Amino acid sequence: MNMKHLATLAALTLALLSAPASAHLFHVGITDISFNARTGNTEIVHTYMAHDVEALLANLYGRQFDLTDPEDQDVLRKYVEGRFWVTGQAAGQDKSRLNLRWVGMTADAERVTVFQEIEQTPLWKAGAIHDNVLVDFLPSQVNTVNLNEGNAVRTLTFDRNNQEQPAR
Amino acid sequence: MPILRPLPCALAALFAAQLAASPACADDLVLQRVLVEGSRLSQLGIADSANAGSVGQKELAARTTYRPGEMLEAMPGLIVSQHSGEGKANQFYLRGFNLDHGTDLATWVDGMPVNQRSHAHGQGWTDVNFLIPELVGRLDYRKGPYSARDADFASAGNAEISYANRLTKDIASVTLGQDGFTRAMLAGSPELLGGTLLYALESLENEGPWTRPDDYRKRNGMLRYSRGYANNGWSVTAMAYRGKWNATDQIPLRAVADGTLGRFDAIDDTDGGNARRYSLSGIWRQTGMESASKLSAYVIRNQLDLYSNFTYFMNDPVNGDQFAQPDRRVTSGADATHTWHLHRSDTMASDLTVGARLQNDNIFNGLYDTRARQKIATTREDHIVETSGGMFIESATRWNEALRTVLGIRADRYRFDVASDLAANSGRANDTQVSPSFSLILAPFASTEFYLNYGHGFHSNDARGTVAAFDPKTLEALERAPGLVRSRGMELGLRTEAIPKMQTAVSLYRLDFDSELTYIGDAGMTEAGDASRRVGIEFSNYWRPLKWLSVDFDAAFARARSNNGDRIPGAVEGVGQLALTFDKLGPWSGALRMRYFGPRPLIEDNSVRSQASTTLNGRVGYKINKGLQLELEAFNLTNRRDSAIDYYYASQLAGELSPRDDIHFHPIEPRSLRVTLTKTW
């Protein structure tokens with residue numbers, strides 16, 4: 001982890017912990033995007049608070065979900081794929097969405113982690129990122145997307161007012 | 001699963017700090033193991049009493065239900081039975097009550113009350129035949145009068161059924177069963193104009209094992225348009241249900257014993273009825289960081305024609321004793337609640353909730369003597385306008401991690417306006433009640449909570465009884481019944497999850513009623529009776545030893561007495577359920593459930609008692625492929641010849657010279673099988 005990355009996280013942590021005592025639960029999601037030179041794929045890892053995902057699904061479908069059940073995972077997959085996507089680079093005249101392959105997901109009592117990848121595509125081909133996962137459900141949801149390129153990490157922040165941003 | 005890059009330690013710390021530092025908000029669901037283990041929803045930190053709970057859609061779907069009302073048996077200690085034709089409201093038993101057709105059990109479906117007050121046949125008539133099980137997202141229940149949110153009929157319990165706004169997959173299913181059972185249903189939830197349109201259609205026919213087939217025909221449908229999320233959005237729903245049936249009412253034991261009647265025979269083969277229910281309802285909710293609001297409103301049109309004959313030829317040896325109880329009503333109402341979330345410190349938080357409820361029933365009902373469903377005499381005809389308003393305020397405070405309190409008070413005012421065909425039985429009456437409630441929850445250990453609950457509740461009496469001067473049948477003078485009857489409950493409870501993968505709850509309660517509603521067999525209706533006291537203990541245990549296996553065991557015992565020491569006829573004493581459920585054993589799933597419905601006193605001096613009945617139901621499902629499932633359900637696997645219900649009263653058969661006191665019973669259905677093919681996409 002480089003210093004910039006650490007600084008971003010530290011700032012976010014401080015911001016959250018220094019919130020007044022009267023504040024409510026914060027709703028955050030973090031996405032790490034990086035290129036895996038070995039496979040040639042751009043890999044995407046989303047981490048959301050289990051509490052938020054549970055509340056989301058319960059309020060969408062009116063029932064409880066078991067995210068170790070593949071059928072219930074499909075429901076979250078449909079939701080995430082409809083709210084997070086990466087478009088091709090504008091300079092390449094290709095603004096269509098890049099194909100995000102669903103690799104899988106894990107869930108434990110604290111977090112839900114979703115793995116996606118863009119096959120045989122380097123990160124620099126990404127033109128823009130759209131992310132309103134949980135943002136449509138929780139007004140205060142803030143999603144942080146870390147773009148790891150070489151040793152450099154750039155951080156984009158998505159919330160209700162910023163749902164799509166250029167990747168470079 | 002490829003591990004792409006180790007997540008930064010700081011991220012873990014961030015999440016851990018978030019979870020540890022954040023007090024739970026009332027609008028937020030407390031983290032549940034259900035999300036990662038598929039366990040039953042934990043009530044630790046949520047429920048205000050040991051008896052309250054929530055049953056999810058998957059658990060409800062895993063139950064075998066002969067009729068829709070049996071879904072409510074997911075509420076531990078509740079028995080749902082039938083003593084007549086399938087379209088009739090079920091018979092309910094809970095916490096030492098014979099609840100008749102739903103008195104003292106408040107049932108709600110999607111913000112609409114199901115209980116019908118001042119009903120022609122029974123106070124609080126609860127007909128849930130319009131339920132479509134596939135749409136049910138969850139069942140929330142609580143027992144006892146400990147919540148300021150609960151009003152009429154909730155003294156024994158309160159059950160709230162919520163339909164989903166959308167389905168994860170569209171569903172089509174076909175069921176074929178023995179005894180002429182067929183069912184087809186179709187449901188889906190396409191996106192439409194930025195929202196979701198949920199639709200469902202159901203067609204059901206059931207003849208049953210009866211010598212004269214029930215010939216129950218149900219047509220049922222619902223349509224809902226919703227926008228947004230359940231906690232931040234709105235929905236508008238239309239429902240339509242129509243049922244038509246013949247009834248095999250209870251028969252006298254003496255006639256079966258001497259071979260005159262078979263167990264499945266009827267005496268009056270023109271008994272039966274038809275019911276229609278149409279409703280339009282809407283729910284709006286807004287949930288924010290600081291507050292949450294909910295508003296719901298509904299208009300329900302209910303129509304029932306019911307023909308019964310419980311005494312055969314006792315009152316009229318020529319024409320027989322069949323009577324009709326038509327009831328036509330429009331129920332309209334609205335409920336509103338607003339909650340402020342007040343966070344006073346890191347560990348202390350309060351929810352202050354205010355709420356209001358309005359309901360108006362415009363009812364035309366009657367009681368007629370009939371022969372083969374043809375009217376031969378009018379006993380009474382009434383036009384009732386019953387209007388009620390209620391308000392409550394409730395403060396729920398989490399003082400620290402080990403202590404919570406809920407303090408509430410509610411006030412209800414009822415207005416009864418009866419225009420009867422007999423002027424002396426017409427008039428107006430009002431009644432008001434203030435009901436306090438208090439709960440103390442101690443959580444000295446992370447996985448165990450203790451509860452102390454106290455509260456007042458009530459049920460309304462039939463409006464006709466509040467103004468009546470004479471019994472229209474006998475012309476005897478009547479004492480006017482109070483409009484509202486107070487109940488007082490107190491309870492000690494324990495809930496623990498100290499043993500891993502196990503949820504256990506124990507309740508010890510006492511419930512006093514100022515007046516008991518008593519079922520009058522030959523009149524076919526309920527009337528206000530003596531005061532009563534119930535003391536009981538309930539045990540509920542859910543164990544999920546393996547990911548694919550769960551075991552649940554519930555047992556309850558209640559002692560019910562009138563204030564003069566008499567037994568209360570029909571009051572249930574012991575009930576129990578033991579179920580094994582398995583899921584995802586490869587393509588296989590299934591369940592085996594035993595239900596014990598204990599003996600009841602059938603008469604005040606306890607000299608006549610019913611037998612217990614025990615039934616074993618089961619189901620096996622096989623997933624043919626991702627979207628296709630075949631399921632076999634079996635009811636009464638051991639083919640027991642028990643009673644679904646027993647009464648003790650006098651009746652007279654054709655050919656008998658005088659009335660005879662006897663047990664009258666309705667048998668449980670013999671072993672039967674149903675096969676269902678379900679397609680989802």
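Reader: Let me start with one residue. Is Asn315(B) buried, exposed or partly exposed?

Author: Keep in mind that this is a predicted model. Asn315(B) has 16 of them within 10 Å, so Asn315(B) is partly exposed.

Reader: Where does Asn315(B) sit in chain B?

Author: In a loop. That loop joins strand E17 (291-308) to strand E18 (323-324) of chain B.

Reader: Now Arg559(B). Which element holds Arg559(B)?

Author: Strand E30 of chain B, residues 549-562. Arg559(B) has 14 other C-beta atoms within 10 Å, so Arg559(B) is partly exposed.

Reader: What does Arg559(B) touch, leaving out residues up to four places away in sequence?

Author: Gly96(B), Arg534(B), Val535(B) and Gly536(B). Take Arg534(B) as a case. Arg559(B) and Arg534(B) are 25 residues apart in sequence, yet their C-alpha atoms are 5.5 Å apart.

Reader: Step back to the chain. How many helices and strands are in chain B?

Author: Five helices and 37 strands. Of the 681 residues of chain B, 50% count as buried.

Reader: What share of the contacts in chain B joins residues at least 24 apart?

Author: 63%, counting contacts between residues at least 6 apart in sequence.

Reader: And chain A? How many helices and strands are there?

Author: Three helices and nine strands. From the N terminus on, their order is α-β-β-α-α-β-β-β-β-β-β-β. Buried residues make up 43% of the 168 residues in chain A. Of its contacts with a separation of 6 or more, 59% involve residues 24 or more positions apart.

Reader: How do I read a sheet?

Author: Strands of a sheet pair through backbone hydrogen bonds, either parallel or antiparallel. Then write down the strand order. Chain A has an open sheet of six strands, ordered E4-E5-E2-E1-E7-E8, with mixed pairing.

Reader: Which strands stand at the edges of this sheet?

Author: Strand E4 (100-107) and strand E8 (152-158) of chain A. Each has a single partner strand, so one side of each is left without a neighbour in the sheet. Neighbouring strands in this sheet are turned by 15° against each other on average, direction ignored.

Reader: In what sense do E4(A) and E5(A) pair?

Author: Antiparallel, over seven bridges; E5 covers residues 111-118 of chain A. One bridge links Thr106(A) with Thr113(A) in E5(A).

Reader: Which helix packs on the sheet and touches E2, E4 and E5 of chain A?

Author: Helix H3, residues 70-81 of chain A. The direction of H3(A) makes about 130° with that of E4(A). Helix H2 (residues 50-61) of chain A lies across E2, E4 and E5 too, running at about 80° to E2(A).

Reader: How do I read a nonpolar core?

Author: The largest nonpolar core has 97 residues, and Leu57(A), Leu94(B), Leu105(B) and Leu139(B) have the most contacts inside it. H2(A) gives the largest share of this core, eight residues. Beyond its neighbours within four places in sequence, Leu57(A) is in contact with Phe65(A), Val75(A) and Leu76(A). A second, separate core has 17 residues, including Phe416(B) and Val467(B).

Reader: Last feature. How do I read a hairpin?

Author: Find the paired strands, then the turn. Strands E31 (574-585) and E32 (588-597) of chain B pair in the antiparallel sense over nine bridges. They form a hairpin with two residues between them. In the turn, Gly586(B) has a positive phi of about 65°.

Reader: What is the bridge partner of Ala579(B) in E32(B)?

Author: Arg593(B). Arg593(B) also has a bridge partner in E33(B), Asn617(B). E32(B) and strand E33 (residues 613-625) of chain B pair in the antiparallel sense over ten bridges.

How values were computed. Residues are numbered from 1 along each chain as its sequence is written. Chains are lettered from A and ligands numbered from 1 in the order in which they are written. This is a predicted model: local features need pLDDT of at least 70, side-chain atom pairs count only at pLDDT 80 or more; totals for chains, interfaces and linings use all residues. Helices (H or I, at least four residues) and strands (E, at least two) are DSSP runs, numbered from the N terminus. A residue is buried if 20 or more other C-beta atoms lie within 10 Å of its own, exposed if 12 or fewer, and partly exposed in between; C-beta atoms are placed from the backbone. Two residues are in contact if their C-beta atoms, placed from the backbone, lie within 7 Å. Two strands pair if DSSP finds at least two bridges between them. Axes are lines fitted to C-alpha atoms, for helices over the stretch in contact, and angles run from 0 to 180 degrees between N-to-C directions. A nonpolar core is a set of buried Ala, Val, Leu, Ile, Met, Phe, Trp, Tyr and Cys residues joined through C-beta atoms within 7 Å.
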